[in-house]
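These are my notebook entries on one structure. I set down what I looked up, in the order in which I looked.

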Amino acid sequence: MSWMDAWINVVMIGPAGCGKTSMVASFGRWLEKELGERPIYVNLDPGVLKLPYKPSYDIRSLVRVDDLMRDTGLGPNGAMIKAAEIIEERLNDVVVRIRSINGTGFRLIDTPGQMELFLFREMGPRIVERLSEGSRAVAVYILDPFLASSLSGFAVGISMSIITRLRLRIPVVSVINKADLLNTIELERMLLDESKLVERIALEEHGLAAELSAKFMNLVREYSKAMRIVKTSAKTGQGMQDLYNLINDALCECGDLT
Ligand SMILES: Nc1nc2c(ncn2[C@@H]2O[C@H](COP(=O)(O)OP(=O)(O)OP(=O)(O)O)[C@@H](O)[C@H]2O)c(=O)[nH]1
Ligand SMILES: [Mg+2]
């Protein structure tokens, strides 16, 4: 294997507070302990205050949201956008620094709390494209566990993972995190059984919402045939082997999960 093939970039993405940072730490620890891997950790969130892992590259060496708020008087959202602009201006430098870190194996990438800054601006797609050159990459879309506890919410979560696929142009796997906290509905079973799905939608939704949910779930089911979703807990470590398998499958030449 040449150094060019050496990295597997794993980009953690999902809505604010879904557990991206915790997942980077938890999955990294699992890789170290169970597989003897030596992953490197990359923080791309300029707004985070405390990290539960030791980053080999930290975007806060370039820009910090708290400093920007103090120095410019901007509020948290304005400062976040300003930070994204600064990162975009220096993007080449950021990529060169990350690529210069020696090693092989997993590069675990933590992304900003506000997912739209990473996905809908140029920052995310461009960084991912540059880090993927000569390496492999997969995004882990972390579904909001509260959304995933209803069918319509689950459909919204899955649609975001499809948008992630479209924007980052790499395979995406989905997990429902915080499994230790919530009773997520039996999604897998329901996705496979249309009559149960229709029954459930009728129970949860009414009128136009029911009609829309049913149509949307059909779309979701089409995708879900090729997409396994696992439940994880970044807190207890539950589901890390499943996540590893999912990532492996997504990277396997025989199948692109999305
Ligand atoms: N119970 C439980 N709590 C979790 C889990 N994963 C994360 N948390 C908690 O959820 C909160 C947010 O976790 P983070 O890892 O900071 O989430 P994030 O997506 O990085 O958050 P932002 O970057 O601020 O958007 C923290 O209080 C975590 O301790 C989990 O699997 N179970
Ligand atoms: Mg975070």
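I took helices (H or I, at least four residues) and strands (E, at least two) as DSSP runs, numbered from the N terminus. On that basis I recorded 11 helices and 7 strands for the chain.

I noted that the model is predicted: local features need pLDDT of at least 70, side-chain atom pairs count only at pLDDT 80 or more, and totals for chains, interfaces and linings use all residues. Residues are numbered from 1 along each chain as its sequence is written, while chains are lettered from A and ligands numbered from 1 in the order in which they are written.

Entry: the chain overall. I called a residue buried if 20 or more other C-beta atoms lie within 10 Å of its own, with C-beta atoms placed from the backbone. Of the 258 residues, 41% are buried. I counted two residues as in contact if their C-beta atoms, placed from the backbone, lie within 7 Å. Among contacts with a separation of 6 or more, 71% join residues 24 or more positions apart.

Entry: the sheet. I let two strands pair if DSSP finds at least two bridges between them. In which order do the strands lie in the open sheet? I read β3-β2-β4-β1-β5-β6-β7, with parallel pairing. The edge strands, β3 (57–58) and β7, each pair on one side only. Strands β2 (residues 40–43) and β4 (residues 105–110) run parallel and are joined by 4 bridges; Tyrosine 41 stands opposite leucine 108 in β4.

Entry: strand β6. β5 and β6 are joined by 5 bridges and run parallel. Valine 175 of β6 is the bridge partner of isoleucine 142. In a regular strand the side chains alternate between the two faces of the sheet. In β6 I found both faces covered: Val172, Ser174 and Ile176 are buried on one side, Val173 and Val175 on the other.

Entry: helix α11. I listed Met240, Leu243, Leu246, Ile247 and Ala250 as buried in α11. They cover an arc (of the directions from the helix axis to the C-beta atoms) of only 115° around the axis, which puts them on the same side of α11. Their cover includes β1 (7–13), α1 (20–35), β5 (136–143), β6 (172–176) and β7 (229–231).

Entry: ligand 1. I took a residue as near the ligand if its C-beta atom, placed from the backbone, lies within 6 Å of it. Ligand 1 is surrounded by 17 residues, the closest being Gly19, Thr21, Ser22, Gly113 and Lys235.

How values were computed. A residue is buried if 20 or more other C-beta atoms lie within 10 Å of its own, exposed if 12 or fewer, and partly exposed in between; C-beta atoms are placed from the backbone.
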